[in-house]
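Biologist: Could you walk me through this model? I have a few spots in mind and will jump around a bit.

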Amino acid sequence: MFITAPGLVQHFHPSQVAPRQSHWQAITLSMERPWYLLVYDVSYRGKKVSQTSLVAWDSTLLDMLAQIPVANLTGIARLDRRRDSGPSWSVSWIGALWAPAPCEAASVGPLLFKLDDDPHVRNALLLPMPAAPGRRLLYKASA
């Protein structure tokens with residue numbers, strides 16, 4: 001499932017979509033922004049089925065995280081466009097994801113990350129962020 005823009009493509013949790021639907025309309029606005037790979041489980045006919053969504057907007061990722069039970073989240077990765085030689089995209093698995101504290105500036109962005117084994121919490125530009133009281137943990141990878 002490709003989620004490319006808030007409001008342009010109606011998104012549903014896969015358990016709410018007819019099983020015969022195999023095509024999702026995709027609207028590519030920009031391949032320059034970071035994308036998120038969201039992997040989660042849904043129940044279908046009594047079985048757990050793994051689902052993957054490619055999401056282009058932080059706000060849409062937040063909406064989806066609000067709908068999917070935390071226990072069903074398998075992983076979240078951030079895909080960043082690369083300019084150097086080699087692969088065009090880099091993939092970093094997110095170890096933890098927070099909503100910024102009310103005291104933090106809007107320039108921080110709507111999400112704060114701890115990537116892979118990196119000990120630092122990072123903002124949308126992947127710059128290290130100091131600790132701040134009041135951050136809300138949205139996701140933590142299982143150990």
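Biologist: Where is glycine 134 placed?

Modeller: Glycine 134 sits in the loop between β8 and β9, where strands are DSSP runs of E with at least two residues, helices are runs of H or I with at least four residues, and both are numbered from the N terminus. This is a predicted model, in which local features need pLDDT of at least 70 and side-chain atom pairs count only at pLDDT 80 or more, while totals for chains, interfaces and linings use all residues. Residues are numbered from 1 along each chain as its sequence is written, and side-chain values use heavy atoms, with hydrogens and water left out.

Biologist: Is glycine 134 buried or exposed?

Modeller: Glycine 134 counts as exposed because its relative accessible area is 53%; the classes are buried under 20%, exposed over 50% and partly exposed in between, with a 1.4 Å probe and protein chains only.

Biologist: And what does glycine 134 touch?

Modeller: Not counting residues up to four places away in sequence, glycine 134 touches Ala101 and Pro102, a contact being heavy atoms within 4.5 Å. Glycine 134 and proline 100 are 34 residues apart in sequence, yet their C-alpha atoms are 7.7 Å apart in space.

Biologist: Switching to asparagine 123, why does it count as buried?

Modeller: Asparagine 123 counts as buried because its relative accessible area is 8%. Its place is the loop between β7 (121–122) and β8 (128–129).

Biologist: Which backbone nitrogens lie by a polar atom of the asparagine 123 side chain?

Modeller: The backbone nitrogen of leucine 125 lies 3.0 Å from a polar atom of that side chain, and for the backbone nitrogen of leucine 127 the distance is 2.9 Å. Leaving out residues up to four places away in sequence, asparagine 123 touches Val108, Leu111, Leu112, Phe113 and Met129.

Biologist: OK, strands now. Which strands does β5 pair with?

Modeller: Strand β5 (residues 89–99) runs antiparallel to β4 (residues 73–81), with five bridges joining them; two strands are taken to pair if DSSP finds at least two bridges between them. Four bridges join β5 to β6 (residues 112–115), again in antiparallel fashion, and β5 also pairs with β9 (residues 136–140) in the antiparallel sense over four bridges.

Biologist: Which residues are bridge partners there?

Modeller: Leucine 79 has valine 91 in β5 as its bridge partner, leucine 97 has phenylalanine 113 in β6, and tryptophan 98 has leucine 137 in β9.

Biologist: What about aspartate 58, does it sit in a helix or a loop?

Modeller: Aspartate 58 is in helix α1, which covers residues 58–67. It is buried yet has no salt bridge, and the nearest side chain of opposite charge, arginine 78, is 6.0 Å away. A salt bridge here is a side-chain nitrogen of Lys or Arg within 4 Å of a carboxyl oxygen of Asp or Glu, and for charge Lys and Arg count as positive and Asp and Glu as negative, with His and the chain ends not counted.

Biologist: Which side chain makes a polar contact with that of aspartate 58?

Modeller: The side chain of tyrosine 36 does, at 2.8 Å; a polar contact is a pair of N or O atoms within 3.5 Å, where within protein one must be able to donate a hydrogen and the other to accept it, and residues adjacent in sequence count only if both atoms are side-chain atoms.
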